[in-house]
Amino acid sequence: MRKNLPGAPPVAIRVAGLRVVRGGRTIISGLDVDVPAGSVVGLLGPSGSGKTTLMRAVVGVQDRVSGTVEVLGEPAGSPSLRRRVGYVTQDASVYTDLTVAQNLDYFAALAGVPSRGRKAAVAAAMSDVDLGGHEKQPVRTLSGGERSRVSLAAALVADPELLVLDEPTVGLDPVLRRDLWDTFRQLAASGKSLLVSSHVMDEATQCDRLLLLREGGLVADITPGALLEETGAPDAERAFLALIDAANAAGAEPPAREVRGRSTGGVHEPVAADRGPAGGVAPGTAATDGTREEDAR
């Protein structure tokens, strides 16, 4: 596997030459991108742009994948990543017939958290997502927003280094969205790395970096401030539309705008199909991860 160059900033995710084919259609073709460690990186783009597909490749559950995908220095989906990576799918991947605490205890056990430390891990995860007082409540009785927070807590319970969050704020009210983004910022401040997808452009300003996708290609790899400055747009949504319009006018995918240098290379490591909980994927994700045909995204 490739190591970081001396003096280079640490990289949480390294993707090189990623190609994904689904249903005879190429969803991602030749994608190259690095995700810096210790930051909140937003993965933005319209439906069908490849966001979910890229995230599934990162956590090692996407099939028909070729290219290099390295996560925390290991091939994506490696068993050694089970406790180091947390994955939150679009639909809450929790068991509705269990209580909140039972769900978290179960996911902690599957992630390999020792039994003597499991109670403290569950309490810490619940505190992180502000679910205190709901320990004994069956998940089926929770609101949609509360279920989303249980799913996030399930990803946090093993204290992962990297969180991969697929549209975690979709359908939530503005107050809960704000509170979750406050949580994401706190997690990054504690040293964790976050890759967060969204099609809500006003969330772009909450990120340290932005990866903007269009039709499986990287339109821009940029900071929010640089995005606004470069396009002259008053907000992130109009800035993104300006980049899309420019790409359409050119008639071809433009090279990704980058605010940092990167080197390419690495070992060709095809990503294995559906590895279950390896890489921190919540058990039952294969059946409940909300991947739909329109989510070739």
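**Close-up 1. The start of helix α5 in the predicted model**. A side-chain oxygen of Asp173 comes to within 3.0 Å of the backbone nitrogen of Val175.

**Close-up 2. The buried face of α5**. Buried here are Leu176, Arg177, Leu180, Trp181, Thr183, Phe184, Leu187 and Ala188. Viewed down the axis of α5, these buried residues fall within an arc of 155°, so they line one face of the helix. An α-helix has 3.6 residues a turn, so residues three or four places apart point the same way. The cover over the buried residues of α5 includes the strands β3 (40-44), β7 (162-166) and β8 (193-198). The helices α3 (115-128) and α4 (144-156) also contribute to that cover.

**Close-up 3. The other face of α5, and what follows the helix**. Pro174, Gln186 and Ala189 are exposed, on the face turned away from the buried side of α5. Just after α5, Gly191 adopts a positive phi of about 110°.

**Close-up 4. Leu212 in the largest nonpolar core**. This core has 52 residues. Leu104, Leu194 and Leu212 have the most contacts inside it. Leaving aside residues up to four places away in sequence, Leu212 touches Leu44, Gly217, Leu218, Val219, Ala220, Leu227, Phe240 and Leu243.

Definitions and conventions
Residues numbered from 1 in each chain as written. Predicted model: local features only at pLDDT ≥ 70, side-chain atom pairs only at ≥ 80, totals over all residues. Heavy atoms only, no water. Core = buried A, V, L, I, M, F, W, Y, C linked by side-chain atoms within 4.5 Å. Buried < 20%, exposed > 50% of the residue type's maximum accessible area, 1.4 Å probe, protein only. Contact = heavy atoms within 4.5 Å. Helix = DSSP H or I, 4+ residues; strand = E, 2+ residues; numbered from the N terminus. Arc of directions from axis to C-beta. Polar contact = N/O pair within 3.5 Å; in protein donor to acceptor, adjacent residues only side chain to side chain.
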